There are 4 protein chains.
Amino acid sequence: MVNLASTEKFCELADVHRTIEGFESGLDNNDARISPAMKFLYVACKLGMSHCNFTPSRSMVPALLQLAEQCGVPIAGEDGKTGQTLLKTVLAPAFAIRELKVEGWFSTNILGNNDGLVLNDPASNKTKVLSKQSVLDDILGYEVEDHQVHIHYYRPRGDAKEAWDNIDLIGFLGERMQLKLDFLCKDSILAAPLVLDLVRLLDLAHRRGDRGIQKQLSLFFKSPYHVASERPVHDLFKQHQLLQSWAAGAAAR
Amino acid sequence: MVNLASTEKFCELADVHRTIEGFESGLDNNDARISPAMKFLYVACKLGMSHCNFTPSRSMVPALLQLAEQCGVPIAGEDGKTGQTLLKTVLAPAFAIRELKVEGWFSTNILGNNDGLVLNDPASNKTKVLSKQSVLDDILGYEVEDHQVHIHYYRPRGDAKEAWDNIDLIGFLGERMQLKLDFLCKDSILAAPLVLDLVRLLDLAHRRGDRGIQKQLSLFFKSPYHVASERPVHDLFKQHQLLQSWAAGAAAR
Amino acid sequence: MVNLASTEKFCELADVHRTIEGFESGLDNNDARISPAMKFLYVACKLGMSHCNFTPSRSMVPALLQLAEQCGVPIAGEDGKTGQTLLKTVLAPAFAIRELKVEGWFSTNILGNNDGLVLNDPASNKTKVLSKQSVLDDILGYEVEDHQVHIHYYRPRGDAKEAWDNIDLIGFLGERMQLKLDFLCKDSILAAPLVLDLVRLLDLAHRRGDRGIQKQLSLFFKSPYHVASERPVHDLFKQHQLLQSWAAGAAAR
Amino acid sequence: MVNLASTEKFCELADVHRTIEGFESGLDNNDARISPAMKFLYVACKLGMSHCNFTPSRSMVPALLQLAEQCGVPIAGEDGKTGQTLLKTVLAPAFAIRELKVEGWFSTNILGNNDGLVLNDPASNKTKVLSKQSVLDDILGYEVEDHQVHIHYYRPRGDAKEAWDNIDLIGFLGERMQLKLDFLCKDSILAAPLVLDLVRLLDLAHRRGDRGIQKQLSLFFKSPYHVASERPVHDLFKQHQLLQSWAAGAAAR
């Protein structure tokens with residue numbers, strides 16, 4: 001099962017999400033804090049079906065992680081890393097290697113499809129922007145002073161998307177430099193092959209008997225699932241190594 | 001010894017460069033095919049001094065590689081990877097991971113310092129452009145159909161540099177996308193810390209008894225020294241691993 | 001007197017602004033709808049002093065236009081046309097001449113000075129954005145389907161400003177084209193000479209006995225003062241002709 | 001007759017071009033300095049047919065201007081002003097009005113059609129680049145220190161074209177600013193409606209009895225035809241006024 005629905009409004013973690021029992025009694029009581037994305041994941045677990053959340057809507061809460069493990073279901077998410085964030089997780093490691101300090105990163109997106117329209121709603125926008133913002137600091141190892149992500153519905157762009165980034169860098173001796181990116185991309189074209197790969201890889205994981213969070217699939221996501229005690233891996237090249245090691249292990253069996 | 005001189009004109013490999021004896025008799029006869037950059041490297045070897053060629057001028061020829069090994073001298077080069085090429089060796093691996101085919105990559109550079117003036121000379125320009133062009137195909141594993149690199153002296157940019165790139169990508173189902181980069185950078189600021197690191201790392205290598213090509217320093221160069229039987233490593237993240245492994249080995253002693 | 005204060009919050013036209021008597025009784029009652037910008041203009045009129053409103057804050061209301069004419073005071077405003085809007089009023093006439101239909105115009109601004117900080121406040125932002133948005137439709141003669149202007153405080157840009165524009169054009173046979181602008185400018189440097197010229201030209205107008213709206217100064221403003229029965233002139237080249245004709249008339253006396 | 005052929009190689013003005021007699025004896029002798037573009041214009045004059053040279057190839061030489069006037073033929077040229085140069089003749093007048101000094105203007109073009117392939121030939125490229133370069137200094141009234149125009153055949157762009165410009169500006173107190181343009185345009189789509197308008201307007205001129213250079217059609221060209229004693233008008237808005245005055249005159253008859 002792959003969740004490809006529109007972004008839901010931002011949802012805080014609450015007690016109802018902590019245990020399987022609590023979650024199920026929440027379901028019985030139509031608790032509003034249980035979102036559609038969570039219900040999809042719940043059903044997948046119950047059906048013993050691998051689940052992938054390709055959207056930024058929160059689904060992986062402690063109760064459902066326990067359930068996935070209990071039911072032997074591999075899960076992966078969240079929020080497909082397709083365009084602007086992909087570039088971030090590629091460039092940021094390079095800036096770190098070269099000791100170029102990221103003073104600010106300003107990102108704006110214009111898109112004209114239904115996805116853009118939904119993200120014009122402030123509640124959904126918050127969910128998406130939070131998912132996009134977390135990656136930088138984790139990779140760089142410090143807090144970027146001014147990291148902004150804006151998303152705008154702009155009808156003339158249609159199904160295509162444009163992501164414009166300005167990055168302010170501080171180099172040797174405090175000298176300032178700037179890098180600008182303009183990515184004229186197509187969201188669905190970037191997303192579709194990732195979804196196909198995820199389906200195949202989750203199926204392989206299921207057949208191998210893997211259950212719960214599939215960390216080796218992190219390279220597909222903006223906010224890779226991770227347990228609370230760990231930091232997610234965002235660097236695309238480290239993520240790629242995780243997948244390659246896992247695939248080598250799978251092939252070795 | 002660090003070679004930071006202006007780019008020399010392009011120089012074909014010739015018989016005079018193949019053996020130490022041939023090279024030395026060429027020196028005696030003022031053979032025009034022995035460039036200043038080669039003479040610097042020859043002197044360094046004779047003095048038992050580590051040598052780094054930070055320029056694109058050809059210096060590492062078979063005769064001098066033998067000499068460096070004979071004299072116990074570690075050498076590293078060539079052509080510091082500072083701006084536009086740095087970004088290439090960062091983005092190209094990501095395109096490979098995401099199966100985005102690079103159909104074309106058009107790069108233009110404007111710079112207003114003496115370096116730019118020298119590169120306005122077609123013979124020097126050829127040396128530089130060849131050094132910049134090799135990286136893509138090696139990383140991607142196929143020949144990019146149209147990869148162009150242009151360098152122009154443009155006085156108003158002064159000591160700063162601007163590198164503009166347009167990348168044409170083909171994604172899923174043959175759909176086309178474009179990424180543009182505009183890097184407003186400062187060549188000397190990007191280069192200086194690399195030179196300092198190279199000096200320290202070559203010194204460490206020397207003290208460790210390493211001699212000849214220092215492959216672990218590849219991440220500093222556009223055209224990393226390599227023996228004829230191997231391909232150079234261009235991917236910045238693979239280069240970084242080489243350095244980290246070497247450093248871990250050095251620390252372990 | 002030149003108003004160079006920070007942008008005030010948006011202010012709707014109300015009855016209190018319609019007549020001199022009403023306005024003055026509003027002043028006596030501390031009517032909150034009378035803004036500081038209006039008070040500055042009121043004082044200038046009473047002192048017989050030429051007045052220029054270089055900010056987007058509303059000042060020219062019917063009561064104060066009457067007062068300026070009564071007091072023999074020339075007035076000019078509003079909102080200095082310095083960077084992004086300047087380019088709009090230059091490019092839009094060209095698109096009109098070439099029959100290139102503007103389907104959408106997306107403008108975003110990042111700036112890191114106090115001006116930017118004030119504009120992060122939604123109420124002030126609205127004042128500014130409305131002032132920036134009006135120009136296109138007037139020049140083009142039709143309503144641009146999607147014209148957006150965004151302003152963001154972004155600290156690393158400091159006193160400088162960056163204005164990024166994407167323009168979607170429809171040409172012959174409905175074919176689509178795009179133009180992108182990136183203006184790395186300095187607001188104060190663009191504004192200061194305009195203010196100096198305005199002071200000199202208003203002084204000349206005063207000495208000539210001109211009073212009320214100085215239409216010939218329209219080229220300095222994003223929202224040129226105009227009477228309700230007329231449309232403002234936004235096309236920079238038409239505005240320039242207005243100034244040149246007026247200056248020729250002044251020289252002829 | 002409209003000349004829409006590929007750009008010819010650059011051609012210096014010579015004695016053979018100065019008089020009708022000299023030109024015709026050159027024709028008899030197959031003089032290589034008489035280009036195909038000139039022969040087209042010659043034939044048009046002889047047939048009493050209006051002629052438009054939409055290419056940068058030199059056609060309007062003194063002998064043919066005399067012939068056109070003798071034969072009562074209106075002529076217009078040269079080199080359709082479609083994309084990058086159009087923007088230049090729009091922005092430069094604005095910089096002049098705002099006293100922003102243009103220190104440098106770097107223009108690069110990538111295009112992948114046959115036009116681009118022809119312009120990869122240095123001799124044709126020179127013709128084109130010279131035509132593109134003249135406009136700035138004429139509008140600004142001073143020599144731009146560093147104005148470069150580069151054209152590159154880049155296959156992936158196909159029938160479309162991309163024109164990237166960097167403009168260095170000096171403002172108040174010597175402060176530097178930069179404007180970048182990226183025009184993703186389509187040459188044929190920009191050119192075709194101009195050609196249709198030229199045909200109609202030349203026909204109208206012919207019917208009105210106008211002959212020789214049609215100055216009012218300057219707004220369609222990068223290098224508008226002009227007599228040696230005059231400077232061409234390049235400012236798009238002044239060119240537009242020329243056309244409007246002429247059209248008003250035509251309507252008034």
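**View 1. Pairing of S7(A) with S7(B) across the boundary between chain A and chain B in the predicted model.** In S7(B), Leu179(B) is the bridge partner of Phe183(A). This pair belongs to an antiparallel arrangement in which S7(A) and strand S7 of chain B, residues 176-186, are joined over seven bridges. Strands of a sheet pair through backbone hydrogen bonds, in either the parallel or the antiparallel sense.

**View 2. The contact region between chain A and chain B.** On chain A, 37 residues are in contact with 37 residues of chain B, and the two chains bury about 3,400 Å² between them, 75% of it on carbon and sulfur atoms. Two salt bridges are counted between chain A and chain B; one of them links Glu175(A) with Lys186(B), whose closest N and O atoms are 2.8 Å apart. The count of residue pairs in polar contact between chain A and chain B, with both residues at pLDDT 80 or more, is 13. On the side of chain A that touches chain B, at least two residues each are supplied by helix H4 (84-97), strand S7 (176-186), helix H7 (187-208) and helix H8 (236-252) of chain A. The largest share of this side, 11 residues, comes from S7(A), and by class the side comprises 26 nonpolar, four polar and seven charged residues.

**View 3. The open four-stranded sheet of chain A.** The strands of this sheet follow the order S1-S2-S3-S8 in chain A, and their pairing is parallel. Strand S1 (2-3) and strand S8 (212-213) of chain A are the edge strands, each of which pairs on one side only. Within the sheet, strand S2 (residues 51-53) and strand S3 (residues 74-77) of chain A run parallel and are joined by three bridges, with His51(A) standing opposite Ile75(A) in S3(A).

**View 4. Strand S5 of chain D and its pairing with S4(D).** Strand S5 of chain D, residues 146-153, is mostly covered, since eight of its eight residues are buried. Both faces of S5(D) are covered: one side carries the buried residues Asp146(D), Gln148(D), His150(D) and His152(D), while the other carries His147(D), Val149(D), Ile151(D) and Tyr153(D), which are likewise buried. Strand S4 of chain D, residues 101-111, pairs with S5(D) in the parallel sense over eight bridges. In this pairing, Phe106(D) stands opposite Gln148(D), a residue of S5(D) that is itself buried.

Terms used:
Residues are numbered from 1 along each chain as its sequence is written. Chains are lettered from A and ligands numbered from 1 in the order in which they are written. This is a predicted model: local features need pLDDT of at least 70, side-chain atom pairs count only at pLDDT 80 or more; totals for chains, interfaces and linings use all residues. Side-chain values use heavy atoms; hydrogens and water are left out. Buried means under 20% relative accessible area, exposed over 50%, partly exposed in between (1.4 Å probe, protein chains only). Two strands pair if DSSP finds at least two bridges between them. Contact means heavy atoms within 4.5 Å. Buried area is the accessible area (1.4 Å probe) that two parts lose on being put together, summed over both. A salt bridge is a side-chain nitrogen of Lys or Arg within 4 Å of a carboxyl oxygen of Asp or Glu. A polar contact is a pair of N or O atoms within 3.5 Å; within protein, one must be able to donate a hydrogen and the other to accept it, and residues adjacent in sequence count only if both atoms are side-chain atoms. Ala, Val, Leu, Ile, Met, Phe, Trp, Tyr, Cys and Pro count as nonpolar, Asp, Glu, Lys and Arg as charged, and the others, Gly among them, as polar.
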